[in-house]
Every structure is written in C-alpha cells, then in structure tokens.
Amino acid sequence: MGRGIAPAGASRGSNEAIDLRDGGPEQAGLGVNRAISNVNDEIAAALLGLDACDQTLCDTTLTHLDQTAKKERLGGNAIVATSMAVLDAAAKHCGVPVWRQLSGDGVVQMPLPQVQIFGGGVHAAGRTDIQDFLVMPLGAETFDEALCMCADVYRVAGEQMARRGSRMGVADEGGWWPDFESNEQALQILTSSIDEAGYQNGQVMICLDVAASEFGKAGRYRLKLGDHDYSTAEWIDKLSSWVDQYPIVSIEDPVAEDDQDGMRLFTAAMGNRVQVIGDDFLVTNASRIDQAVASGCCNAVLLKPNQVGTLTETYEALRRAKLAKWGTVVSARSGETEDVLITHLAVGWDCGQLKVGSFARSERMAKWNEGLRIERQGWAVRGFAGAGALPVQRRLR
Ligand code: PGA
Ligand code: ZN
C-alpha cells in the first residue's frame, strides 16, 4: 500500500506535464475525476503485478501507457501521484523511510533550506512583480539550526511590516502578503530584517525567484510596480544592480522561459556571483538541462516531479544536473499538498537545497518538520550539505 498526492502550480512553465482537469461548469472546471478514473482503470491495470521496488519499470510503464509528450492523455497529475505512490509502497514494503530507500547506503546530507519570506507575483495577486523573496541560511551547521535562523528572519520581517502599518496576511506559500511600493523596497526590508534578526557576514542570504515568464517574454519585460518596460539587456542590468546592492546569492528564472539569449547573457554575467536556477526554463526535463549546459544557460536546476510526471524522469534530470556540477534544488508547488515525499527526495537523492515555501501554512511546515525528523534519526545522516551546492559563497557586504 502506498499513497501519493499530486501538487499543482500557479506559475507553470509552458513545457510542463499537463495537469488533467475535468473542464465543464462544475468546480470551475478544475475537478480531477477524469484523472482519478485513469488511475483506477488504465493505470491500475497496467501496474498490477509489477514489482513496486522497480521504480524505473513502473515509471516507464506509465510513460509508455500515456504515449504523449506532455502526459496529457492520462494526465501528469494522475501519473505523478501514481509514481509517488509506487515509491511510498516500496519503502513501506522494505520497512524503511523513503529517504533511506532512495539513498541505498543510508549515508546522506541534509539539504539547505530556501525559505520564502515575502510571497509575490501570481502567488499574491500581482502585488510585486518578483514572485519569491526568500532567504537561505548559509551559516547554519544543522538543518534544525537552519530553520531556526529562517524563522527568526520571517518573524522580524513580519514585525517590520506591522510597524510600517501593513495589513498582515500571507500569500500562497505562506510568505508575508506583500505591501510594498517597489520590488526594491521588498529587498530593502528583507535585508534589514536579516540585520535586525542579528545575522551578519553572509550567515543568511537572499534568494529570488523572479518567475519572469509571468511578466515578460524574450526581449520585453513589463513591470507593474514602477510601471516600466525593460529590454532583456536592461532587465539583466537591473537584476545585476540588485546583486550589487543586496546580499543576493541565488536567482531563479531571471528571464522568461523563451528567452534563451537572455538566460545565456545573464548566466555569463552573473553565474560566478550567484546561483542561476532554471525552473520554468528547464521544467525538470533532462534534455532541456543538457541543452542549457551546452549553451551556457543556468548553473542550477529546480526539481519539481510534477513538471515532468514521474520520479524516474525527475531523477534523470537531477543526474544530468549533477554531472554538469550544477546546484540542485527540490521544490514544492504553490498549490501544495500535505504529502512530505519531496523532503525525502531532497535527502535521499542528496540534493543540496530544498524549497517548500515559507514558515507558515501546514502543507509547508509538514515538509520542514519532516526534515527535522529525518535529521533526528541521526544514525544515518552524515552532516549538512550546507552551501556546497552553490557556485560561490558570497559574503554579506
Ligand atoms: P508554482 O511556483 O508552483 O506556482 O509554479 C513555484 C515556483 O515558481 O518555484
Ligand atoms: Zn520558480
């Protein structure tokens, strides 16, 4: 017996596996009864009798059964939930936690968390252009300590917002609801929150998920806050100036998913100063990663199993990224579930970083807490992956 739950994203890349929804008038067309029927009928018939411990066999059976490039026939949601359930069943059969099932020898490192402090973009009704303002505690020695450091910054950032008279609430991933006059103001308040929380000298650094496909396409970026149009080159200059001014260590999707030239230019200009993560740009797709490596785009990948559809394909994306010596970040979606499997993936696959949202909302806390439980099992955990996955450790000011 194994279970899996498919998450869903709001800022989806156009090359992701398709989330099959029912359409029609009920539940605004968002129902998943067709996907569920596909699991119970076609998928069950194809998988029954296979060995759940052979994840590759089960996953290739799923992809062959579907036969479409984006898994639109059976549904990426039907397929990823099944793939997750297969892994869960295998671990239960072996009587070990999922991370242990994946790591083989049980020697793993804990991932470094990227914790969202302010949510923006399509996760907060467009109140900032930039989607995620996050922190990463490079100075932490343990996962436990890493979470405490991020919790400090999250609390202080909330206090600063309250002092400014903001009406308090949280965005889709639990980060504070943004109430800023500019994207820069969010960066200023985040920087001063890190200071006020008492972290210096690069102990806690900023990560951004620009999610630029939501407000731009190759050659043109239109920011709502500040009401300004940028060419790709101007936009890259803008982001670079933020890296000069603020303690930024990682930038995700700095340009739109179709802006190959922009991604190449950005990586060439900034790739030795910050981690450049491809999310919508790479969609957890091994061949897109190979192309990006060959063309000098990105130096890290965001791994979201439901972007590609199966855990085997997700692992292949991870393997290609590691071969290129890239950073690897396992990530949740904005429409997340209580399933904690991705925390096990980050640990068991020895990914450097884990990004599951903020320090509020139980679907987020469940995943952070699962990391604490894994770390406390202690006997098998070698240490803390720390900043090793980053190309450069930047020092604060
Ligand atoms: P999404 O956001 O799940 O809405 O795509 C997460 C991200 O962009 O990293
Ligand atoms: Zn993203």
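Predicted model: local features only at pLDDT ≥ 70, side-chain atom pairs only at ≥ 80, totals over all residues.
Local features need pLDDT of at least 70, side-chain atom pairs count only at pLDDT 80 or more, and totals for chains, interfaces and linings use all residues. Residues are numbered from 1 along each chain as its sequence is written, and side-chain values use heavy atoms, without hydrogens and water.

Strand E9 spans residues 275–278. Helices (H or I, at least four residues) and strands (E, at least two) are DSSP runs, numbered from the N terminus. Both faces of E9 are covered. Gln 275 and Ile 277 are buried on one side, and Val 276 and Gly 278 on the other (buried: under 20% relative accessible area, 1.4 Å probe, protein chains only). In a regular strand, side chains alternate between the two faces of the sheet.

E9 runs parallel to strand E8 (residues 248–252), joined by three bridges. Pairing requires at least two DSSP bridges. Ser 250 stands opposite Gln 275. The chain passes from E8 through helix H8 (residues 260–270) to E9 in a right-handed β-α-β crossover. Right-handed means that, with the strands pointing away from the viewer, the path from the first strand over the helix to the second runs clockwise.

Two bridges join E9 to parallel strand E10 (residues 300–303). Val 301 is the bridge partner of Gly 278. Helix H9 (residues 286–295) carries the chain from E9 to E10, and this β-α-β crossover is also right-handed.

Elsewhere, the axes of helices H2 (residues 55–66) and H11 (residues 311–323) come within 8 Å and cross at roughly 110°. Axes are lines fitted to C-alpha atoms over the stretch in contact, with angles from 0 to 180 degrees between N-to-C directions. H2 is therefore roughly perpendicular to H11 (65 to 115 degrees). Gln 55, Thr 56, Asp 59 and Thr 63 of H2 meet Leu 311, Thr 312 and Glu 313 of H11 (contact: heavy atoms within 4.5 Å).

Key. Chains lettered and ligands numbered in written order. Parallel < 35°, antiparallel > 145°, perpendicular 65-115°, else oblique. Buried < 20%, exposed > 50% of the residue type's maximum accessible area, 1.4 Å probe, protein only.
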